[in-house]
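Come along and check each entry against the picture.

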Amino acid sequence: RRALLCHALHVAASFCAEIYSLDPLCPYVLYTHIVTLAGLKRKRELFYLAHQLVQANPKAASSWFAVGCYYYICGRYDVAQ
């Protein structure tokens with residue numbers, strides 16, 4: 001999270017990817033992981049993550065936050081709301 005706050009998105013993404021490989025649904029890093037993927041415009045990875053989150057827990061706010069971020073970076077602002 002400190003790397004994200006310093007706007008070092010590539011460093012934050014590498015930390016998040018490392019933690020994600022150990023625990024894909026770790027709640028402590030999940031939002032940071034979503035935000036770094038959106039900030040780096042990694043559409044495919046964000047789509048895959050959002051899809052996994054919605055399948056795992058369709059009522060969780062983090063799942064729909066990931067979906068909204070995906071649509072936001074795709075430029076579909078009306079759906080991202």
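Entry 1: I started with L49 and set aside its neighbours within four places in sequence; L49 is then in contact with Y20, H33, I34 and L37. Contact here means heavy atoms within 4.5 Å. I then looked up where L49 sits, and found L49 in helix α4. Helices are DSSP runs of H or I with at least four residues, strands are E runs of at least two, and both are numbered from the N terminus.

Is L49 buried or exposed? L49 counts as buried, because its relative accessibility is 3%. The cut-offs are under 20% relative accessible area for buried, over 50% for exposed, and partly exposed in between, with a 1.4 Å probe and protein chains only. I also noted L25, which is 24 residues from L49 in sequence and 9.7 Å from L49 in space, C-alpha to C-alpha.

**Entry 2: how to read this model.** I am working with a predicted model, in which local features need pLDDT of at least 70, side-chain atom pairs count only at pLDDT 80 or more, and totals for chains, interfaces and linings use all residues. Residues are numbered from 1 along each chain as its sequence is written, and side-chain values use heavy atoms, with hydrogens and water left out.

**Entry 3: the whole chain.** I looked up the secondary structure and found 6 helices and 0 strands. From the N terminus on, the order is α-α-α-α-α-α. The chain has 81 residues, and 35% of them count as buried. I also looked at contacts between residues at least 6 apart in sequence: 47% of these join residues at least 24 apart.

**Entry 4: the core.** I looked for the largest nonpolar core and found 13 residues in it. Such a core is a set of buried Ala, Val, Leu, Ile, Met, Phe, Trp, Tyr and Cys residues joined through side-chain atoms within 4.5 Å. The members with the most contacts inside this core are I34, A38, L46, L49, L53, A66 and C69. Which elements give two or more residues to this core? They are α3 (30-39), α4 (43-56) and α5 (61-73). The most comes from α5, with 5 residues.

**Entry 5: two helices side by side.** I followed the axes of α3 and α4, which come within 9 Å and cross at roughly 150 degrees. Axes are lines fitted to C-alpha atoms, for helices over the stretch in contact, and angles run from 0 to 180 degrees between N-to-C directions. The angle therefore makes α3 roughly antiparallel to α4, a label for angles over 145 degrees. On the α3 side, the contact is made by L30, H33, I34, L37 and A38; on the α4 side, by E45, L46, L49 and L53.

**Entry 6: the loop between them.** K41 is found in the loop between α3 and α4, and R42 lies in that loop too. K41 is exposed, with a relative accessible area of 55%, whereas R42 is partly exposed at 28%. Phi of K41 is near 60 degrees, a positive value in a residue other than glycine.

What does R42 contact, leaving aside its neighbours within four places in sequence? I found H10, A13, L37 and I73. R42 and I73 are 31 residues apart in sequence and 8.6 Å apart in space, C-alpha to C-alpha.

Conventions:
Parallel < 35°, antiparallel > 145°, perpendicular 65-115°, else oblique.
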